[in-house]
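Me: I am new to this structure and would like to go through it by asking what the terms rest on. Please show it first.

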Amino acid sequence: MLLLTEYRNPTRTLPNRIVMSPMTRLRSLPDGSPTSDVVDYYAQRATAGLIVTEGIWPHSTGQSEAWVPGLQTEQHVTAWRRVTDAVHGNGGRIFAQLMHGGRKGHPLARIDGSWPAGPSAVLDEDRVHLIEGGKGDPITPAVLDRADIDAAVEQHAVAARNAIAAGFDGVEIHGANSYFVHQFLADNTNLRTDEFGGSIENRMRLPLAVVDAVTAEIGAHRTGIRLSPGNPQFNMFEADPAPLYRTLVTELDRRGLAHLHLTDNDNYPALDDLRPRWRGTLIANVGENRAATTAEAAEEVLRSGLADLVSFGRPFISNPDLVHRITHSLPLAPIREHLLYGRTAEGYSDYPHWQPAEVSAH
């Protein structure tokens, strides 16, 4: 099975082509540091070829909702170092996903109480988790001015530096699924008339600025990006993603990044259209469109040549040993849905899983 074979590129070798997709799980301390349960959670899943963490805010003004972790302070670096040490100790590789909320957020969901701000004052109708419990009603974001944009770009660079100090193998910039970078790309969330809005070149300006700032800080070989062209999640809208994303991916390809993590969906066949424009490592996250939540579907994507690696999301939640289960054609354990966003190990790091010492039992 190609999915289980080694993957090599000029900068790293992965033991298999299975990537653990980033998934928000809301297990942090009040200051934004990951808990000890987070250490266990990622260490248990270290047999993945690559782990991409849950989204981590680069600065408290970009916290999307309560209990999402950060990478802004020395305390954060120290806490994440425990995670990376545990993953590396189990033979794994791990990238930190930098996720700025932009317009997503709420003062009662942020440790600094700041008001969310995005490219334009467009309401996000999603309700986010609050610190004191429950979910907050949507609020209209403020508009980022040029100084705010410059600050956010620099915050990504600082967080990337912190990620490397914390022992991560690299970072993935979250440019997908309605977050900060995606908000500058989408039709309905970017109504600006300045140099960051309007034309394709202007809409790409912020995403490319973030990428360039991060690569200048830690190197292109340690910088990936996730994109989701045409993804309508959280009320995003792109009438015709093709012209913008073709141009954007061409520009990103010139930068020699560690990977492009691309989400396919029913609105736009991103893999088919954009793979020819990307020469580097491509991670496909295609569960919504091609039902690649199974090994067989993932194998089909790899053999088609549309991707080098495939990321799995929800199967990794309840199956820490997903690679072992795929290898031995074992059934997958179900998710306890009501515990997805709990605050403890229950429904998080307490799922049963195979360990090397038990190999003879299988």
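Me: What makes Y268 and D273 contacts of A242?

Reply: Contact means heavy atoms within 4.5 Å. Leaving aside neighbours within four places in sequence, A242 meets that limit with Y268 and D273. This is a predicted model, in which local features need pLDDT of at least 70 and side-chain atom pairs count only at pLDDT 80 or more, while totals for chains, interfaces and linings use all residues. Residues are numbered from 1 along each chain as its sequence is written, and side-chain values use heavy atoms, with hydrogens and water left out.

Me: Why is A242 called buried?

Reply: Buried means under 20% relative accessible area, exposed over 50%, and partly exposed in between, with a 1.4 Å probe and protein chains only. A242 has a relative accessible area of 8%, so A242 is buried. A242 is found in helix α7; helices (H or I, at least four residues) and strands (E, at least two) are DSSP runs, numbered from the N terminus.

Me: Why is N235 called partly exposed?

Reply: The relative accessible area of N235 is 39%, and therefore N235 is partly exposed. N235 is in the loop between β9 (223-227) and α7 (242-253). Its phi is positive, about 65°, although N235 is not a glycine.

Me: What makes L26 count as buried, and where does L26 lie?

Reply: L26 counts as buried because its relative accessibility is 3%. L26 lies in the loop between β3 (18-20) and α1 (36-44). Phi of L26 is also positive, near 60°, in a residue other than glycine.

Me: How do you know that S60 is buried, and what does S60 touch?

Reply: S60 has 8% relative accessibility, so S60 counts as buried. Not counting residues up to four places away in sequence, S60 touches Q72, R110, I111, D112 and S114. The place of S60 is in the loop between β4 (50-56) and α2 (74-89).

Me: Is Y351 buried or exposed?

Reply: Y351 is buried, because its relative accessible area is 4%. Y351 is found in the segment after α12 (322-327). Among the residues that Y351 touches are R45, I317 and P334. The C-alpha atoms of Y351 and A333, 18 residues apart along the chain, are separated by 8.6 Å.

Me: What makes a set of residues a nonpolar core?

Reply: A nonpolar core is a set of buried Ala, Val, Leu, Ile, Met, Phe, Trp, Tyr and Cys residues joined through side-chain atoms within 4.5 Å. The largest one here has 84 residues, and those with the most contacts inside it are Y42 and L71. A second, separate core of 10 residues includes L26, W57, A66 and L130. In soluble globular proteins, nonpolar side chains tend to be buried together.

Me: How do you know that the radius of gyration agrees with a compact globule?

Reply: The radius of gyration is taken over C-alpha atoms, and the globule rule is 2.2 Å times the number of residues to the power 0.38. With 362 residues, a compact globule would have a radius near 21 Å; the protein chain has 19 Å, which agrees. Buried residues make up 60% of the 362 residues. The protein chain has 12 helices and 12 strands.
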